[in-house]
Amino acid sequence: MKFKAVLLLLLASSLTVNAQKDKKKSQIKPRKEFISELMAKMTIDEKIGQLVQFTADGTITGPVSGDNYIEQIKKGNVGSILNATTVKYTAELQKMNLENSRLKIPLLFGYDVIHGYRTIFPITLGESASWDLKAVELSAKIAAAEAAAGGVHWTFAPMVDIARDPRWGRVSEGAGEDTYLGSKLAFARVRGFQGTDLSLNNTILACTKHFAAYGAAEAGRDYNTVDMSERVLRETYLPPFKATVDAGVRTFMTSFNEISGVPATGNKFLVNGILKDEWKFDGFVVTDYTGMNEMIPHGFAKDEKHAGELALNAGVDMDMVGGIYMKQLKKSLSEGKVTEAQINDACRRILEAKYDLGLFEDPYRYNDAKREKEVIYKKEYLDAALDVANKSLVLLKNSNNVLPLKKEQKVAFVGPLVSDEFNIIGSWAASGDRNGFAVSVEEGVNKIITDKSKISFAKGVEIVDAKRDMIQNAINNAKNADVIVAVMGEFENMSGEAASRTNIDLPGIQKEFLAELKKLGKPIILVLLNGRPLTLEWEDKNMDAILEAWWPGTRGGDAIAQTLYGINNPSGKLPMTFPRNVGQIPIYYNHKNTGRPYLGTADNEQKYKSRYIDVDNSPLYEFGYGLSYTKFSYSNFKVSSNQINFSQKLKATVEIANTGNYDGEEVVQLYIHDKVGSVTRPVKELKGFQKIFLKKGEKKTVEFEISAEDLKFYGIDMQFAAEPGDFEVFVGGTSATTMKLEFELVK
Ligand code: GLC
């Protein structure tokens with residue numbers, strides 16, 4: 001494990017060193033001077049042109065607008081293009097722009113590089129299950145290096161939307177339900193994409209999205225209404241966005257949804273108020289895809305011109321695909337509905353980003369065909385994708401240690417995804433290859449098991465289609481095996497954008513097929529390939545082991561095979577709760593206690609409790625949960641004092657021993673509970689975690705520090721502050737830990 005960690009560190013640092021060789025001494029004037037002089041020459045049409053983004057036709061990521069982007073580029077009306085990639089294509093469009101524009105302001109190329117550009121890493125929800133900030137940063141760093149080599153200047157990532165509803169397909173793109181974990185991961189991703197120097201030609205602009213609270217869409221239905229108190233907005237949903245501002249993110253994207261009646265794209269309180277004034281954000285803000293136009297169906301804008309005025313007055317700098325700023329802004333200016341100062345500010349922010357990328361010095365600095373060939377699919381990138389995938393898998397069940405498999409066992413691999421190399425890279429997989437380059441489970445197993453008589457592969461059923469004509473063949477294979485491994489799940493497009501589901505069971509007749517297999521009386525291991533938590537109560541009862549693999553990316557089949565055969569010991573922990581059924585949603589660990597808390601089965605005789613009468617009220621698998629092939633035991637949990645004041649720090653220490661038979665990693669988690677506040681507080685809040693490696697038999701002491709800073713919240717007066725009082729502090733390998741001590745915060 002250590003050797004691999006060293007390799008990854010070397011890879012991370014080499015990404016910076018290589019780029020330094022390409023860094024030219026700046027030949028142009030300092031930014032402020034350069035941009036002031038440029039803007040002094042620009043007409044109002046040219047300034048508005050910088051605020052306009054159109055989509056090329058490389059990928060379609062939304063309702064396509066009628067405007068022909070080539071024609072608009074030729075008119076010099078465009079500041080940015082999205083969905084154009086490769087050195088060749090972006091160079092072509094850049095040339096067209098430079099040859100047809102008076103002031104030769106370079107185009108900015110944006111693209112959804114969410115979890116990889118060509119080398120695809122696990123979907124973000126999967127990466128988040130690694131709880132490994134270094135791995136997540138490296139993943140983004142590699143994505144940026146490949147995208148930059150492919151002509152891309154700007155990624156529309158990280159997506160940092162906190163989400164507590166797995167019916168919402170876009171949970172696949174985020175970091176799950178927790179604000180603290182989400183904030184740490186958001187910071188790491190921005191640092192990965194942007195590095196600390198945008199002038200290096202293997203770093204790209206990041207874009208924090210979707211601002212804001214898009215993950216709180218009512219009923220998990222995409223684009224649906226969001227309505228919440230300012231306290232919940234600020235305390236639960238905004239911190240990951242703020243974390244990216246602290247990380248130096250250069251762009252933001254407004255979300256499609258309204259928040260308490262005001263669409264984000266026209267939300268002055270949110271964009272100008274919180275982002276630009278309160279947080280001093282100095283980058284630029286782009287709408288989501290035609291998000292500006294959608295304020296008309298929202299019933300917030302009466303027409304496109306009004307929508308443009310609302311957006312610019314709210315602080316939105318660039319119009320993604322809507323065509324409104326291009327067509328309407330000049331008229332709005334002449335009517336005094338917007339000011340030239342607003343247009344100048346938006347234009348300056350965008351020009352500054354282009355300047356910092358080095359595009360004015362060399363508009364083609366991301367267009368090096370030789371570098372494109374050398375960088376993309378580098379072996380060390382593909383190996384890093386395997387390592388991150390291995391870290392993201394979550395072992396949910398392992399009865400009688402049926403895992404890891406032994407090479408001498410006869411194993412029947414079945415299920416609709418057993419040989420899949422198309423879906424395995426998940427949704428939002430940028431320019432990832434879906435035609436055979438990604439490693440399927442079958443391919444990964446074949447690399448490990450040389451005696452082919454030990455393994456068989458048969459789909460049995462489809463993902464959704466209820467065809468039964470392949471079942472018998474799969475059953476026959478399984479009859480001759482010692483162990484059955486069922487590789488099942490969703491289609492990749494059953495999560496991601498516009499992919500909400502009211503039923504989050506395994507689709508189709510997959511569960512029926514498992515029941516057939518169960519009749520054979522052999523151990524069954526269920527491997528899940530999916531983009532969201534699923535409802536697995538029957539599977540949890542009837543499967544001997546369950547491995548959550550999410551969409552593990554280009555090397556996904558290798559990671560799954562290496563984990564099944566014990567080459568990798570799974571260390572992932574759930575970033576999002578798995579409910580028992582859809583009726584429990586929303587269900588999350590950091591909930592409020594209510595005045596009639598249900599304290600588990602002991603309370604079953606008590607009628608008047610906050611619970612459902614028809615289900616076990618606990619989640620099926622809780623936030624922070626994940627098993628290992630080894631065992632970790634916690635002891636000697638101590639705090640340095642039972643009291644701290646507002647300037648002191650409390651030290652919490654705990655000893656963890658690897659008491660099992662495998663080396664492994666454990667995510668040691670620290671939670672607090674503020675027992676009484678001027679407003680009610682969650683029963684638990686994650687405030688720290690450390691992922692540690694322990695050889696079998698090894699033990700380590702882990703230390704956390706807690707200060708009043710960690711205990712702040714928005715009190716009754718909406719001031720962000722800690723309040724004196726009694727606290728509980730918990731440590732453990734899951735949010736369900738009961739290992740608890742107490743301390744008091746005193747004035
Ligand atoms: C899509 C998505 C957004 C993406 C954008 C550009 O509609 O909402 O996440 O970055 O359009 O593709």
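Here is a short walk through this structure, from its domains to its ligand and its cavities. Keep in mind as you look that this is a predicted model.

Let's begin with the chain as a whole. The domain assignment divides the chain into domain 1, covering 49–371, domain 2, covering 403–564, and domain 3, covering 632–746. If you compare domain 2 with domain 3, their C-alpha centres are 37 Å apart.

The largest cavity has a volume of about 80 Å³. It is lined by 13 residues, and those closest to its centre are Thr-61, Asp-112, Asp-288, Trp-428 and Glu-497. Sorted by class, the lining of the largest cavity has 6 nonpolar, 2 polar and 5 charged residues.

What takes up the space of the largest cavity? The ligand does.

Next, zoom in on single atoms. In the side chain of Asp-288, an N or O atom is 2.6 Å from an oxygen atom of the ligand. For Lys-209, a side-chain N or O atom is 2.8 Å from a ligand oxygen atom. The side chain of Arg-170 also has an N or O atom 2.8 Å from an oxygen atom of the ligand. How much of the ligand's exposed area does the protein bury? Taken alone, the ligand exposes 310 Å², and the protein buries 100% of that.

Conventions
Residues numbered from 1 in each chain as written. Predicted model: local features only at pLDDT ≥ 70, side-chain atom pairs only at ≥ 80, totals over all residues. Heavy atoms only, no water. Polar contact = N/O pair within 3.5 Å; in protein donor to acceptor, adjacent residues only side chain to side chain. Areas by Shrake-Rupley, 256 points an atom, 1.4 Å probe, with all protein chains shown as cover. 1 Å grid on protein atoms, 1.4 Å probe; cavity = no way out; pocket = protein on both sides within 12 Å on 5 of 7 lines; lining within 4 Å. Sits in = over half its atoms within 2 Å of the grid points. Points joined across faces, edges and corners; volume = space filled by probe spheres on them. Nonpolar A, V, L, I, M, F, W, Y, C, P; charged D, E, K, R; others polar. Domains from an automatic or database assignment.
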